[in-house]
Amino acid sequence: MRAWNLISTIFLSLCAPVTISAQGLFDFGDSEAARLFDRGKEAQEAGDIREAAAYYKRATDEDPKYFRAYNNLGYLYAMEGYFKKAAEYYRKAVDANPKFADGYTNLGGALLELDRHPEALKAFEKAVELDPDSALALTNLAAVLKKEGDVERAGALLRKARSADTPSGTGGAGEGWLLEQQGDLSGAERAYRAAIRSEPGNSLPYANLGLMLVRQEKFDEAESLLAKAAELAPDNALVHANLSYARIGQKEWAGAESAGRRATSLNPSLVIAWTNLGLALANQGKKTSARDAWQRAAALDPTDETVRRNLANLR
């Protein structure tokens, strides 16, 4: 059977912590917007994402300056892979409070996923300007600079990030993500596993550890972790897309197809979901369906050379 090309940018990080910066906070007191925001947080913590989003939107309708609600709406969309929508809400958060450092960090992350690197760089630069000791902002800025070839500055920022505190509100999953981005994979794994022990009902540490293990080609354990994340977050398209790829690594083509179809049904605009689905279908000899999946991926991202090569190989 033909060996199909694997896309190098198939993985998307699932850790975009909802953190509320200590800088520039407004006192919303006992306002109706604050009450609605709290109801949204309760729904989010209970796993009811749609209800959480509804409360957050009502909070912004009540008070258009309620930047924390915009931020959390951005987070919900990012977790589902809707990065364009996430960026819009993160932008509203920083427009409502220009001193909200974590909002700029989250905005930069969404822009990065949209391949809008110059804008992402500006957002991360602004986050570091507002909060020079934020490990999250420093690490993200370093990652972008490293990709652009500014290794010296990236290294200096990472050294500073390692000495900074983990941002409040991110928990073990956030700590694991930071350590992973800083290259400390053993430390990241310990943090993720500690988070799983302390928060067994939270999908994030399962998803991020599974994703890290996929990158290391430890597909069997990665599949187990991502399957658990999918059980805990059944409506998260990114989790199902990454579960699909872990099963591709295991050569479990039918299972990969099932996870890929679930991901594309949850988020039809998620390029990696269609790419993974195409890989699973092609390796089962389902060429017509694979072509359809890859054509969807190519339509969503016309610059993707790997998808184009796979389509060419089908002819």
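Reply: Let us begin with one pair, bearing in mind that this is a predicted model. The axes of α3 and helix α4 (residues 83-96) come within 8 Å and cross at roughly 165 degrees. Because angles over 145 degrees count as roughly antiparallel, α3 is roughly antiparallel to α4.

Me: Which numbers should I look for whenever two helices are packed together?

Reply: In general, two packed helices are described by the angle between their axes and by the distance between those axes.

Me: Which residues of α3 and α4 meet each other?

Reply: From α3 the contact takes F67, Y70, N71, L73, G74, Y75, Y77 and A78, and these meet F83, K85, A86, Y89, Y90, K92, A93 and A96 in α4. Sorted by class, the residues of this contact of α3 with α4 are 12 nonpolar, two polar and two charged.

Me: At what angle do helix α1 and helix α3 pack, and how far apart are their axes?

Reply: Helix α1 (residues 32-45) packs against helix α3 (residues 67-79) at an angle of about 25 degrees, and their axes lie 10 Å apart. Angles under 35 degrees count as roughly parallel, and α1 and α3 are therefore roughly parallel to each other. The crossing in which α1 passes α3 is left-handed. On the α1 side the contact is made by F37, K41 and Q44, while α3 contributes R68, A69, N72, Y75 and L76. By class, this contact of α1 with α3 holds four nonpolar, two polar and two charged residues.

Me: Are helix α13 and helix α14 roughly parallel or roughly antiparallel?

Reply: We again start from the angle: the axes of helix α13 (residues 237-249) and helix α14 (residues 253-266) cross at roughly 160 degrees and come within 8 Å. That angle makes α13 roughly antiparallel to α14. As for the hand, α13 passes α14 in a left-handed crossing. The residues that make the contact are A237, H240, A241, L243, S244, R247 and I248 of α13, together with W253, G255, A256, A259, G260, R262, A263 and L266 of α14. Divided by class, the contact of α13 with α14 has nine nonpolar, four polar and two charged residues.

Me: Now I would like to look at single residues. Is G187 buried or exposed?

Reply: The cut-off to remember is that a residue under 20% relative accessible area counts as buried. G187, which is found in helix α10 (residues 185-198), has a relative accessible area of 5% and is therefore buried.

Me: Where is L211 placed, and how is it read by the same cut-off?

Reply: L211 has its place in helix α11 (residues 203-215), and with a relative accessible area of 3% L211 is buried. Along the chain L211 and A246 are 35 residues apart, yet their C-alpha atoms are separated by 8.4 Å.

Me: How many helices and strands does the whole chain have?

Reply: The chain has 17 helices and zero strands. Of its 315 residues, 53% count as buried. Its accessible surface comes to about 14,200 Å², and 48% of that belongs to carbon and sulfur atoms. Finally, among contacts between residues at least 6 apart in sequence, 56% join residues at least 24 apart.

Terms used. Residues numbered from 1 in each chain as written. Predicted model: local features only at pLDDT ≥ 70, side-chain atom pairs only at ≥ 80, totals over all residues. Heavy atoms only, no water. Axes fitted to C-alpha atoms, helices over the stretch in contact; angles between N-to-C directions. Helix = DSSP H or I, 4+ residues; strand = E, 2+ residues; numbered from the N terminus. Parallel < 35°, antiparallel > 145°, perpendicular 65-115°, else oblique. Left-handed = near helix turned anticlockwise from the far one by under 90°. Contact = heavy atoms within 4.5 Å. Nonpolar A, V, L, I, M, F, W, Y, C, P; charged D, E, K, R; others polar. Buried < 20%, exposed > 50% of the residue type's maximum accessible area, 1.4 Å probe, protein only. Areas by Shrake-Rupley, 256 points an atom, 1.4 Å probe, with all protein chains shown as cover.
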